[in-house]
Amino acid sequence: DQVGGFDQATRICAAMVKAYLRYVADRSVGIITSRECNAVVDRSGKLALTGAVEAISVWNLRQGSLVRDLRVARASEKVTRLCLKAGKSSVCAAGYSDGSVRMWDYGDGQVLQTFQGHKSGISCLSFDDAGHFLATGSN
C-alpha cells in the first residue's frame with residue numbers, strides 16, 4: 001500500500017509538471033497580482049492597479065475584468081511598488097526591481113517618464129499631497 005501511495009504521488013507530481021510545461025501566457029487567465037507588489041485603487045473606485053510580475057495590470061472592479069496590461073517591450077524587471085498621483089489624473093508611478101521608476105498614464109497605457117538612479121529594487125514610493133513631487137526609496 002505504501003508503494004501504491006508513492007506511485008499515486010508520483011503520478012500527481014508528473015501531471016503537475018506536465019501542466020506547468022504546457023503553460024502559454026496567451027492562453028491563460030494570467031497573473032492577477034504578484035506578492036512582491038502592492039495593489040492600489042483609483043479615486044473613482046472603479047479601477048485597481050496591481051503589479052503582475054513584469055507588468056502593471058489595470059482591472060475593472062465592477063466587471064472583474066482586465067482592462068489592460070502596462071508593460072514595455074523586452075521588460076524583465078519585476079514591479080515592486082505602485083502609487084497614484086493625487087487629483088483626477090490617471091497617472092501612476094511604478095517602482096521596479098532594477099531600481100528604475102516609470103510614470104504611466106494608466107488611462108491610455110503610455111509611459112510618461114522613466115527615472116534611473118537606485119542601485120537596488122524600489123521598496124517605497126509616494127507622491128506628495130499636491131502630486132508635484134515623487135519620493136522613492138530602495139533597500
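A residue counts as buried when its relative accessible area is under 20%, as exposed when that area is over 50%, and as partly exposed in between. Glu 54 has a relative accessible area of 28%, so it is partly exposed. The model described here is predicted. Its protein chain contains 1 helix and 10 strands, and buried residues account for 32% of its 139 residues.

**Overall features of the chain**

- Read from the N terminus, the order of elements is α-β-β-β-β-β-β-β-β-β-β.
- The average pLDDT of the protein chain is 81, and 77% of the residues reach a score of at least 70.
- Over residues 1–6 the pLDDT remains under 50, and the model shows 0 contacts beyond four places in sequence for this stretch.
- Of the contacts between residues at least 6 apart in sequence, 35% connect residues at least 24 apart.

**The sheet of β1 to β4**

- An open sheet is built from 4 strands in the order β1-β2-β3-β4, with antiparallel pairing.
- Its edge strands, β1 (39–41) and β4 (65–70), each pair on one side only.
- Direction ignored, neighbouring strands of this sheet are turned by 20 degrees against each other on average.
- Strands of a sheet pair through backbone hydrogen bonds, in either a parallel or an antiparallel manner.
- Between β2 (residues 47–52) and β3 (residues 55–60) there are 6 bridges in the antiparallel sense.
- Within this pairing, Ala 52 stands opposite Ala 55 in β3, and Ala 48 stands opposite Trp 59 in β3.
- β3 also pairs with β4, in the antiparallel sense and over 5 bridges; here Asn 60 has Ser 65 in β4 as its bridge partner.

**The enclosed strand β3**

- Why is β3 described as largely enclosed by the rest of the structure? The description applies because 6 of the 6 residues of β3 are buried.
- In a regular strand, side chains alternate between the two faces of the sheet.
- Both faces of β3 are covered: Ala 55, Ser 57 and Trp 59 are buried on one side, and Ile 56, Val 58 and Asn 60 are buried on the other.

**The turns on either side of β3**

- β2 and β3 belong to a hairpin with 2 residues between the strands.
- Val 53 lies in the loop between β2 and β3 and has a positive phi of about 60 degrees, although it is not a glycine.
- Glu 54 is located in the loop between β2 and β3 as well.
- Leaving out residues up to four places away in sequence, Glu 54 touches Arg 71, Ala 75, Ser 76, Glu 77 and Val 79.
- Glu 54 and Arg 74 are separated by 20 residues in sequence and by 9.5 Å in space, C-alpha to C-alpha.
- β3 and β4 form a hairpin with 4 residues between them, and Gly 64 in that turn has a positive phi of about 65 degrees.

**The sheet of β5 to β8**

- A further open sheet has 4 strands in the order β5-β6-β7-β8, again with antiparallel pairing.
- Its edge strands are β5 and β8 (110–115), each of which pairs on one side only.
- From one strand to the next, the twist averages 25 degrees.
- β5 and β6 are joined in the antiparallel sense over 5 bridges, and the bridge partner of Cys 83 is Ala 93 in β6.

- Strand β9 (residues 122–127) runs antiparallel to strand β10 (residues 134–138), and 5 bridges join the two.
- Phe 127 has Leu 134 in β10 as its bridge partner.
- The hairpin of β9 and β10 has 6 residues between its strands; Gly 131 in the turn has a positive phi of about 85 degrees.
- Ala 86 is in the loop between β5 (79–84) and β6 (91–96) and is partly exposed, with a relative accessible area of 22%.
- Beyond its neighbours within four places in sequence, Ala 86 is in contact with Arg 43, Asp 128, Asp 129, Ala 130 and Gly 131.
- Ala 86 and Arg 43 are 43 residues apart in sequence and 8.6 Å apart in space, C-alpha to C-alpha.

**Aromatic rings**

- How many aromatic pairs does the structure hold? The number is 0.
- The charged end of Arg 102 sits over the ring of Tyr 96, at 4.4 Å from the centre of that ring.

Conventions:
Residues are numbered from 1 along each chain as its sequence is written. This is a predicted model: local features need pLDDT of at least 70, side-chain atom pairs count only at pLDDT 80 or more; totals for chains, interfaces and linings use all residues. Side-chain values use heavy atoms; hydrogens and water are left out. Rings of Phe, Tyr and Trp (its six-membered ring) pair if their centres lie within 6.5 Å; planes under 30 degrees apart count as stacked, over 60 as edge-to-face and the rest as tilted. A charge sits over a ring if NZ of Lys or CZ of Arg is within 6 Å of the ring centre and within 35 degrees of the ring normal. Two strands pair if DSSP finds at least two bridges between them. Axes are lines fitted to C-alpha atoms, for helices over the stretch in contact, and angles run from 0 to 180 degrees between N-to-C directions. Buried means under 20% relative accessible area, exposed over 50%, partly exposed in between (1.4 Å probe, protein chains only). Contact means heavy atoms within 4.5 Å. pLDDT is the predictor's confidence in each residue, from 0 to 100.
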